[in-house]
Amino acid sequence: MTRKAMINICCVATTPSKYPPPPPLTLTPRQSLESAAIYGVIESAADIIERWNTETNTFAKVTCMFYENKPEAMMFIERVKDLQKTMDVLVSEDPNSERLLRSHKLMQIAMKRLQKEFYQILSMNRAYLDPESVSTRSSLTSARSSYSDFPDYVEDLDTIIELEEVSTNVMTDLKSIAECMIGSGYAKECLSIYKSIRKSIIDEGIYRLEVEKTSTGKVKKMSWEVMELKIRSWLKAVKVSMETLFKGEKILCDHVFESSDAIRESCFSDISRDGALLLFGFPEIINTKTSKKHSPPEKVFRLLDMYTAIAGNWQAIESIFSFDSISVVRSLALKSLISLSESIRSLLVEFESGIQKDSSKVVVPGGGVHPLTISVMDHLSLLADYSNVLVDILAGSPPPDRSLLPESYFNVSESDDSPSSELTIRFAWIILVLLCKIDRKSIHYKDFSIQYLFLTNNLQHVVSRARSSNLKNLLGEDWITRHFAKMRQFAGSYKRLAWGPVVATLPENRTVEMTPEEVKERFEKFSESFENAYSKHSVCVVADPNIRDEIKVSISRKLVPIYREFYNTRGSVILGEGDGARNLNSVVRFTPEDIENYLSDLFREKGSSGNSSASSPSSCRSRQSMS
């Protein structure tokens with residue numbers, strides 16, 4: 001029988017009647033047990049709640065229950081839960097009962113106590129609840145077993161594990177309090193405390209990572225050096241934020257408010273929204289600076305770094321900021337990706353246009369590598385390191401017309417329209433633009449042979465940079481082989497034009513008899529031709545040491561044996577005349593050994609160490625006269 005039924009019976013019993021009153025009603029044994037149980041729950045809860053009442057107990061006011069007496073704290077939670085269940089029963093029976101009123105007052109005291117405990121635990125354990133500690137709990141657990149066989153790490157690792165255990169215990173306490181308060185109808189008060197403390201931690205973390213609100217006007221006035229520093233700080237901030245700050249906060253929030261999806265979403269959204277929007281809004285603001293023309297060439301790499309940072313963390317962004325209430329963060333991150341990709345494409349177009357429009361008339365001494373070749377290949381080599389993201393960034397933008405590229409320029413099938421092959425075409429096209437520009441610059445050299453040496457040096461630099469960077473993977477070994485062969489052709493043309501005339505001064509048919517005058521004439525022509533060639537090409541440059549040695553050896557093998565044979569066989573003709581030794585010294589300026597020494601001294605870089613075996617062809621005469 002319910003209490004309401006009992007009251008109705010009692011009311012009927014007090015109504016006047018002509019019949020004699022019935023005997024007094026008594027509670028059934030079951031009703032008596034229920035009443036006694038309710039009374040016991042209330043009194044049991046009252047005992048522990050009053051003991052920790054901050055209004056009446058000085059000790060309770062200055063003490064944290066969970067630190068002072070953890071078992072009693074857990075008992076406190078259980079008594080409050082039992083009290084809430086009892087209140088639910090009492091409300092359904094009689095909303096105005098004295099027991100319900102008393103239970104309500106006790107609940108208010110208990111909630112005030114739990115609010116204090118919740119605040120104290122959050123405030124006093126910031127070190128154990130920092131996002132990094134929370135986000136690495138699982139990895140530390142695995143590390144414990146991984147390093148168990150290394151005694152040197154055990155002591156430090158045990159210390160870390162102890163900190164992890166403290167963090168776990170604190171999170172468990174917070175979860176117990178949160179569930180109790182939410183179950184008792186005090187979710188608003190619980191969330192208010194949690195949000196105020198945890199949001200300050202996120203905001204402080206973002207500030208410490210040097211991410212700050214910056215206006216578009218301020219960005220436009222920044223120098224590139226200052227902006228680059230801010231970008232580098234931002235890149236570090238993204239890494240820390242996604243790996244620890246937001247990840248750790250999401251884990252903590254999910255754990256503490258596991259009992260309610262709606263509360264978890266509301267809580268994490270309110271805590272992280274401002275910091276995340278500030279973080280992912282930075283690229284959009286920076287892009288206002290990149291819209292200016294004539295940007296520093298290195299700017300594209302910082303933008304690529306920013307794009308990579310967001311794209312590389314995209315799965316984490318979608319996972320951490322998965323709630324609909326915080327979809328604005330995902331939208332902003334995506335908007336930044338799109339904005340960055342547009343700026344990067346614009347800078348790449350500007351880069352190619354800069355090569356085509358280069359009008360410098362700088363003539364590199366000695367036919368060396370042109371500064372344009374160095375800067376372009378350095379740029380392309382670095383760009384190749386971003387090939388994975390460039391495939392996505394350039395997807396959809398029109399590639400160069402394949403028909404403009406020489407046949408068999410690189411090994412890509414005409415039917416291959418994959419993103420990677422399109423990227424290959426873009427890089428190959430830019431290099432072709434560079435080589436065409438270098439070809440036009442070669443005409444600044446009046447000597448045809450030095451034009452070919454200039455082309456040799458520049459193409460060798462292109463091939464070398466391609467071979468030693470990720471360009472090799474993009475362009476392919478076949479591309480490198482073809483261009484290396486082309487470089488050898490240029491080198492062959494140089495040798496033919498520069499040293500062929502010297503070889504031509506010597507007779508082709510070495511068995512034909514020659515008069516002393518003819519021999520003298522040949523020696524004089526050779527000496528004059530060699531001296532002119534050496535004088536002109538001794539100042540030339542071959543940047544690559546292997547190609548340098550290869551060219552010198554090739555020239556020497558072509559010239560020295562022929563000259564040595566002529567020297568040995570025809571020199572006797574001059575010696576046979578009167579005063580032959582004097583005639584030989586006056587006519588023959590170079591011995592074969594002199595020729596070898598001079599050729600070995602070719603293309604010597606300025607400031608190179610080692611003593612040259614020959615200083616200049618004109619000095620040979622004095623050495624000859626001394627021999």
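Is Leu90 buried or exposed? Select Leu90 to find out: Leu90 is buried, with a relative accessible area of 2%. Buried means under 20% relative accessible area, exposed means over 50%, and partly exposed lies in between, computed with a 1.4 Å probe on protein chains only.

Before going on, note that this is a predicted model, in which local features need pLDDT of at least 70, side-chain atom pairs count only at pLDDT 80 or more, and totals for chains, interfaces and linings use all residues. Residues are numbered from 1 along each chain as its sequence is written, and side-chain values use heavy atoms, with hydrogens and water left out.

**Around Leu90**

Keep Leu90 selected and colour helix H5, residues 70-93, which contains Leu90. Helices (H or I, at least four residues) and strands (E, at least two) are DSSP runs, numbered from the N terminus. Now show the residues that Leu90 touches, not counting those up to four places away in sequence: Ile38, Ile42, Pro95, Arg99, Leu100 and Ser103. Contact here means heavy atoms within 4.5 Å. Then pick Leu101, 11 residues from Leu90 along the chain; the C-alpha atoms of Leu90 and Leu101 are separated by 9.7 Å.

**The whole chain**

Zoom out to the cartoon view. The chain has 27 helices and 0 strands. Of its 627 residues, 45% are buried. Among contacts between residues at least 6 apart in sequence, 78% join residues at least 24 apart.

**Helices H14 and H16**

Select residues 299-312 for H14 and residues 327-357 for H16; their axes come within 9 Å and cross at roughly 150°. H14 is therefore roughly antiparallel to H16. Axes are lines fitted to C-alpha atoms, for helices over the stretch in contact, and angles run from 0 to 180 degrees between N-to-C directions. Angles under 35 degrees count as roughly parallel, over 145 as roughly antiparallel, 65 to 115 as roughly perpendicular, and the rest as oblique.

H14 passes H16 in a left-handed crossing. A crossing is left-handed if the near helix is turned anticlockwise from the far one by less than a right angle, and right-handed if clockwise. Show side chains at the contact, including Leu303, Tyr307 and Ile310 of H14 and Leu337, Leu340 and Ile344 of H16. The residues of this contact divide into 13 nonpolar, 3 polar and 1 charged. Ala, Val, Leu, Ile, Met, Phe, Trp, Tyr, Cys and Pro count as nonpolar, Asp, Glu, Lys and Arg as charged, and the others, Gly among them, as polar.

**Helices H17 and H20**

Next select residues 371-384 for H17 and residues 448-467 for H20, which pack at an angle of about 15° with their axes 10 Å apart. That makes H17 roughly parallel to H20. The crossing of H17 past H20 is right-handed. Thr373, Ile374, Met377, Asp378 and Ser381 of H17 meet Asn458, His461, Val462, Arg465 and Ala466 of H20. By class, this contact has 4 nonpolar, 4 polar and 2 charged residues.

**Two cysteines**

How many disulfides does the structure hold? It holds 0 disulfides, a disulfide being a pair of cysteine sulfur atoms within 2.5 Å.

**Last stop: Asn597**

Finish at Asn597, in helix H26, residues 592-600. Asn597 counts as partly exposed, at 28% relative accessibility.
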